[in-house]
Amino acid sequence: MNTSGSLTYVYAVTHRTGPLGEALAGLHGIGQAPLRLFPLTADTEPAPSTSLAFVASDVPEQDFNETALKNHFEDLGWLEYVARTHHDVVQAVAARAPVLPLRMATVYQDDHRARQALAAQQDVFSQRLDQLRAQTEYGVKIYLTPEATQPPAAAPAPAASPGKAYLQARRAQRRSRDAVYQQAEQAAETIETIASRHATQRVRHAPQRGELTGPQENVLNDAYLIPDERAGQFKAAIADAAERFPDLRIEVTGPWAPYSFAMTTVGPTDAPEPPP
(Lines give C-alpha, C1' and ligand atoms only; values in the text may rest on other atoms or scores of the structure.)
Protein backbone atom coordinates (compact mmCIF):
# COMPACT_ATOMS: atom_id res chain seq x y z
CA MET A 1 0.00 0.00 0.00
CA ASN A 2 1.35 3.42 -0.95
CA THR A 3 2.36 5.93 1.65
CA SER A 4 1.68 9.64 1.29
CA GLY A 5 3.84 11.28 -1.38
CA SER A 6 4.83 8.00 -3.00
CA LEU A 7 4.28 6.19 -6.30
CA THR A 8 4.15 2.47 -7.11
CA TYR A 9 7.31 1.30 -8.87
CA VAL A 10 6.92 -2.07 -10.63
CA TYR A 11 9.96 -4.25 -11.34
CA ALA A 12 8.51 -7.40 -12.88
CA VAL A 13 5.55 -9.71 -13.41
CA THR A 14 5.59 -13.15 -11.83
CA HIS A 15 3.31 -15.74 -10.25
CA ARG A 16 2.15 -15.06 -6.71
CA THR A 17 3.38 -17.81 -4.41
CA GLY A 18 3.94 -18.05 -0.69
CA PRO A 19 7.64 -18.97 -0.88
CA LEU A 20 8.40 -16.08 -3.23
CA GLY A 21 6.57 -13.65 -0.99
CA GLU A 22 8.56 -14.88 2.00
CA ALA A 23 11.85 -14.49 0.09
CA LEU A 24 11.03 -10.96 -0.99
CA ALA A 25 10.14 -9.99 2.56
CA GLY A 26 13.84 -9.86 3.36
CA LEU A 27 14.82 -7.87 0.27
CA HIS A 28 14.60 -4.19 -0.60
CA GLY A 29 14.09 -2.13 -3.70
CA ILE A 30 14.99 1.42 -4.67
CA GLY A 31 15.75 3.58 -1.67
CA GLN A 32 15.77 0.47 0.55
CA ALA A 33 11.97 0.34 0.34
CA PRO A 34 10.40 -3.04 1.20
CA LEU A 35 9.36 -5.17 -1.75
CA ARG A 36 5.87 -6.56 -2.04
CA LEU A 37 3.83 -8.85 -4.28
CA PHE A 38 0.40 -7.66 -5.17
CA PRO A 39 -2.00 -9.71 -7.29
CA LEU A 40 -4.92 -8.91 -9.58
CA THR A 41 -7.29 -8.85 -6.63
CA ALA A 42 -6.85 -7.94 -3.02
CA ASP A 43 -7.86 -11.44 -1.86
CA THR A 44 -5.41 -13.16 0.44
CA GLU A 45 -5.46 -16.41 -1.54
CA PRO A 46 -5.16 -16.20 -5.34
CA ALA A 47 -7.28 -18.42 -7.55
CA PRO A 48 -5.34 -20.29 -10.27
CA SER A 49 -6.63 -17.88 -12.92
CA THR A 50 -5.58 -14.80 -10.93
CA SER A 51 -2.17 -15.86 -9.63
CA LEU A 52 -0.27 -13.18 -11.53
CA ALA A 53 1.40 -10.51 -9.43
CA PHE A 54 3.55 -7.43 -9.78
CA VAL A 55 6.75 -7.15 -7.77
CA ALA A 56 6.69 -3.57 -6.53
CA SER A 57 7.83 -1.05 -3.98
CA ASP A 58 7.04 2.54 -3.07
CA VAL A 59 9.27 5.31 -4.45
CA PRO A 60 9.17 9.03 -3.64
CA GLU A 61 6.83 10.92 -5.95
CA GLN A 62 9.25 13.86 -5.96
CA ASP A 63 11.93 11.68 -7.58
CA PHE A 64 9.79 9.64 -9.98
CA ASN A 65 7.18 12.00 -11.33
CA GLU A 66 7.49 12.84 -15.02
CA THR A 67 9.40 16.08 -14.54
CA ALA A 68 11.82 14.60 -12.01
CA LEU A 69 12.57 11.60 -14.20
CA LYS A 70 13.41 13.78 -17.18
CA ASN A 71 15.97 15.55 -15.01
CA HIS A 72 17.30 12.34 -13.45
CA PHE A 73 17.90 10.79 -16.86
CA GLU A 74 20.77 13.28 -17.23
CA ASP A 75 22.33 12.05 -13.96
CA LEU A 76 24.44 9.00 -14.80
CA GLY A 77 25.08 8.18 -11.14
CA TRP A 78 21.36 8.13 -10.35
CA LEU A 79 20.59 6.09 -13.46
CA GLU A 80 23.25 3.54 -12.60
CA TYR A 81 21.88 3.11 -9.08
CA VAL A 82 18.27 2.69 -10.22
CA ALA A 83 19.23 0.33 -13.06
CA ARG A 84 21.38 -1.80 -10.75
CA THR A 85 18.70 -2.01 -8.06
CA HIS A 86 16.02 -2.82 -10.63
CA HIS A 87 18.24 -5.58 -12.05
CA ASP A 88 19.01 -7.01 -8.60
CA VAL A 89 15.32 -7.27 -7.76
CA VAL A 90 14.51 -8.96 -11.08
CA GLN A 91 17.36 -11.43 -10.64
CA ALA A 92 16.21 -12.26 -7.11
CA VAL A 93 12.75 -13.08 -8.43
CA ALA A 94 14.14 -15.04 -11.40
CA ALA A 95 16.08 -17.29 -9.01
CA ARG A 96 12.79 -18.41 -7.45
CA ALA A 97 10.03 -18.14 -10.08
CA PRO A 98 9.31 -17.40 -13.75
CA VAL A 99 9.61 -13.67 -14.32
CA LEU A 100 8.91 -11.02 -16.93
CA PRO A 101 11.17 -8.02 -16.30
CA LEU A 102 9.55 -4.65 -16.89
CA ARG A 103 11.34 -1.60 -18.17
CA MET A 104 13.22 0.60 -15.73
CA ALA A 105 11.12 3.41 -14.22
CA THR A 106 7.73 1.80 -14.74
CA VAL A 107 5.70 3.76 -12.19
CA TYR A 108 2.01 4.17 -11.41
CA GLN A 109 0.18 6.72 -9.33
CA ASP A 110 -0.87 4.03 -6.85
CA ASP A 111 -1.44 0.30 -6.41
CA HIS A 112 -4.95 0.58 -7.84
CA ARG A 113 -3.63 1.94 -11.14
CA ALA A 114 -0.94 -0.73 -11.23
CA ARG A 115 -3.51 -3.47 -10.57
CA GLN A 116 -5.63 -2.15 -13.45
CA ALA A 117 -2.63 -2.42 -15.78
CA LEU A 118 -1.93 -5.96 -14.58
CA ALA A 119 -5.55 -6.96 -15.20
CA ALA A 120 -5.55 -5.43 -18.68
CA GLN A 121 -2.58 -7.56 -19.77
CA GLN A 122 -3.05 -10.70 -17.69
CA ASP A 123 -3.64 -13.01 -20.65
CA VAL A 124 -0.50 -11.85 -22.46
CA PHE A 125 1.57 -11.99 -19.28
CA SER A 126 0.34 -15.49 -18.42
CA GLN A 127 1.06 -16.83 -21.89
CA ARG A 128 4.55 -15.37 -21.96
CA LEU A 129 5.41 -16.63 -18.48
CA ASP A 130 4.36 -20.12 -19.53
CA GLN A 131 6.57 -19.89 -22.63
CA LEU A 132 9.58 -18.83 -20.55
CA ARG A 133 9.16 -21.38 -17.79
CA ALA A 134 12.37 -23.34 -17.02
CA GLN A 135 14.36 -21.27 -19.52
CA THR A 136 17.08 -18.70 -18.89
CA GLU A 137 18.76 -16.00 -20.94
CA TYR A 138 22.46 -16.17 -21.81
CA GLY A 139 24.46 -13.66 -23.80
CA VAL A 140 27.25 -14.44 -26.27
CA LYS A 141 29.65 -11.70 -27.32
CA ILE A 142 32.59 -11.69 -29.72
CA TYR A 143 35.36 -9.13 -29.25
CA LEU A 144 38.33 -8.22 -31.41
CA THR A 145 41.30 -7.35 -29.23
CA PRO A 146 43.58 -4.45 -30.26
CA GLU A 147 46.55 -6.84 -30.50
CA ALA A 148 44.73 -9.15 -32.92
CA THR A 149 44.18 -6.40 -35.48
CA GLN A 150 47.82 -5.29 -35.55
CA PRO A 151 50.06 -6.69 -38.30
CA PRO A 152 52.80 -9.11 -37.22
CA ALA A 153 56.30 -7.76 -36.87
CA ALA A 154 57.93 -7.64 -40.32
CA ALA A 155 61.46 -8.70 -41.13
CA PRO A 156 63.90 -5.84 -41.75
CA ALA A 157 63.48 -4.55 -45.30
CA PRO A 158 65.70 -2.43 -47.53
CA ALA A 159 65.45 1.25 -46.85
CA ALA A 160 62.29 2.75 -48.31
CA SER A 161 60.94 6.24 -48.55
CA PRO A 162 58.72 7.34 -45.65
CA GLY A 163 55.71 7.41 -47.95
CA LYS A 164 56.29 3.90 -49.25
CA ALA A 165 56.92 2.57 -45.75
CA TYR A 166 53.68 4.13 -44.56
CA LEU A 167 51.68 2.53 -47.38
CA GLN A 168 53.25 -0.86 -46.72
CA ALA A 169 52.37 -0.62 -43.04
CA ARG A 170 48.78 0.35 -43.88
CA ARG A 171 48.40 -2.58 -46.27
CA ALA A 172 49.76 -4.98 -43.66
CA GLN A 173 47.37 -3.62 -41.05
CA ARG A 174 44.44 -3.95 -43.44
CA ARG A 175 45.34 -7.56 -44.23
CA SER A 176 45.61 -8.33 -40.52
CA ARG A 177 42.21 -6.75 -39.77
CA ASP A 178 40.57 -8.51 -42.70
CA ALA A 179 41.89 -11.86 -41.46
CA VAL A 180 40.53 -11.25 -37.95
CA TYR A 181 37.14 -10.11 -39.26
CA GLN A 182 36.96 -13.26 -41.37
CA GLN A 183 37.72 -15.28 -38.25
CA ALA A 184 34.95 -13.43 -36.42
CA GLU A 185 32.47 -14.32 -39.18
CA GLN A 186 33.46 -17.98 -38.89
CA ALA A 187 33.08 -17.81 -35.11
CA ALA A 188 29.62 -16.25 -35.44
CA GLU A 189 28.54 -19.06 -37.77
CA THR A 190 29.87 -21.64 -35.33
CA ILE A 191 28.00 -20.04 -32.44
CA GLU A 192 24.79 -19.95 -34.46
CA THR A 193 25.16 -23.66 -35.24
CA ILE A 194 25.67 -24.47 -31.55
CA ALA A 195 22.71 -22.32 -30.55
CA SER A 196 20.47 -24.04 -33.09
CA ARG A 197 20.92 -27.25 -31.08
CA HIS A 198 20.23 -25.72 -27.66
CA ALA A 199 18.39 -22.38 -27.82
CA THR A 200 14.66 -21.92 -28.30
CA GLN A 201 14.92 -18.21 -29.21
CA ARG A 202 17.55 -15.66 -30.19
CA VAL A 203 17.68 -11.87 -30.13
CA ARG A 204 20.45 -10.03 -31.96
CA HIS A 205 21.43 -6.85 -30.16
CA ALA A 206 23.51 -4.06 -31.64
CA PRO A 207 27.24 -4.38 -30.82
CA GLN A 208 28.30 -2.43 -27.76
CA ARG A 209 30.50 0.64 -28.08
CA GLY A 210 32.47 3.08 -25.96
CA GLU A 211 33.08 2.55 -22.25
CA LEU A 212 31.24 -0.77 -22.25
CA THR A 213 33.95 -2.42 -24.35
CA GLY A 214 37.08 -0.34 -23.73
CA PRO A 215 39.79 -0.80 -26.38
CA GLN A 216 38.19 -4.02 -27.65
CA GLU A 217 35.74 -4.00 -30.55
CA ASN A 218 32.48 -5.84 -29.98
CA VAL A 219 31.29 -7.41 -33.25
CA LEU A 220 28.61 -9.82 -31.97
CA ASN A 221 26.14 -9.27 -29.14
CA ASP A 222 23.47 -11.99 -29.16
CA ALA A 223 21.06 -13.20 -26.50
CA TYR A 224 19.77 -16.78 -26.37
CA LEU A 225 16.93 -18.36 -24.44
CA ILE A 226 18.21 -21.71 -23.19
CA PRO A 227 16.20 -24.46 -21.44
CA ASP A 228 17.71 -24.94 -18.00
CA GLU A 229 18.55 -28.60 -18.61
CA ARG A 230 20.67 -27.62 -21.65
CA ALA A 231 22.52 -24.67 -20.15
CA GLY A 232 25.62 -26.63 -19.17
CA GLN A 233 25.93 -28.21 -22.61
CA PHE A 234 25.45 -24.84 -24.31
CA LYS A 235 28.15 -23.10 -22.27
CA ALA A 236 30.58 -26.00 -22.69
CA ALA A 237 30.07 -26.05 -26.46
CA ILE A 238 30.72 -22.30 -26.72
CA ALA A 239 33.86 -22.63 -24.58
CA ASP A 240 35.17 -25.42 -26.83
CA ALA A 241 34.47 -23.35 -29.94
CA ALA A 242 36.27 -20.32 -28.47
CA GLU A 243 39.51 -22.29 -28.35
CA ARG A 244 39.46 -22.55 -32.14
CA PHE A 245 39.56 -18.76 -32.52
CA PRO A 246 42.64 -17.56 -30.60
CA ASP A 247 42.53 -14.03 -32.05
CA LEU A 248 39.06 -13.39 -30.62
CA ARG A 249 37.57 -13.12 -27.17
CA ILE A 250 34.28 -15.02 -27.00
CA GLU A 251 32.34 -14.37 -23.82
CA VAL A 252 29.24 -16.05 -22.42
CA THR A 253 27.29 -13.98 -19.89
CA GLY A 254 24.45 -15.07 -17.65
CA PRO A 255 22.36 -16.62 -16.35
CA TRP A 256 20.02 -13.66 -16.66
CA ALA A 257 16.34 -13.07 -16.25
CA PRO A 258 14.81 -13.09 -19.76
CA TYR A 259 15.16 -9.35 -20.42
CA SER A 260 15.56 -9.84 -24.16
CA PHE A 261 12.53 -12.11 -24.42
CA ALA A 262 9.99 -10.27 -22.30
CA MET A 263 7.72 -8.79 -24.94
CA THR A 264 7.23 -5.06 -25.27
CA THR A 265 4.27 -4.25 -23.07
CA VAL A 266 1.85 -1.36 -23.02
CA GLY A 267 3.26 1.04 -20.46
CA PRO A 268 1.20 2.94 -17.92
CA THR A 269 -0.20 6.26 -19.07
CA ASP A 270 1.41 7.99 -16.10
CA ALA A 271 4.92 6.60 -16.66
CA PRO A 272 7.43 8.39 -18.90
CA GLU A 273 9.56 6.48 -21.35
CA PRO A 274 13.07 5.60 -20.15
CA PRO A 275 16.06 7.02 -22.02
CA PRO A 276 17.22 5.14 -25.14
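Colleague: What should I know before reading the model?
Modeller: It is predicted, so local features need pLDDT of at least 70, side-chain atom pairs count only at pLDDT 80 or more, and totals for chains, interfaces and linings use all residues. Residues are numbered from 1 along each chain as its sequence is written, and side-chain values use heavy atoms, without hydrogens and water.

Colleague: In what order do the four strands of the open sheet stand?
Modeller: Strands of a sheet pair through backbone hydrogen bonds, either parallel or antiparallel. Here the order is E7-E8-E6-E9, with antiparallel pairing. Strands are DSSP runs of E, at least two residues; helices are runs of H or I, at least four. Two strands pair if DSSP finds at least two bridges between them.

Colleague: Which strands stand at the edges?
Modeller: E7 (201-204) and E9 (248-256). Each has a single partner strand, so one side of each lacks a neighbour in the sheet. E7 pairs with E8 (residues 217-227) over four bridges. Val-203 stands opposite Ala-223 in E8.

Colleague: How many aromatic pairs does a search of the whole structure find?
Modeller: Eight. Rings of Phe, Tyr and Trp (its six-membered ring) pair with centres within 6.5 Å; planes under 30 degrees apart are stacked, over 60 edge-to-face, the rest tilted. Phe-54 and Phe-125 are edge-to-face, at 6.4 Å centre to centre and 65° between the planes. Phe-54 is in strand E3 and Phe-125 in helix H6, 71 residues apart.

Colleague: Is Phe-54 buried or exposed?
Modeller: Buried, at 1% relative accessibility. Buried means under 20% relative accessible area, exposed over 50%, partly exposed in between (1.4 Å probe, protein chains only). Phe-125 is also buried, at 1%.
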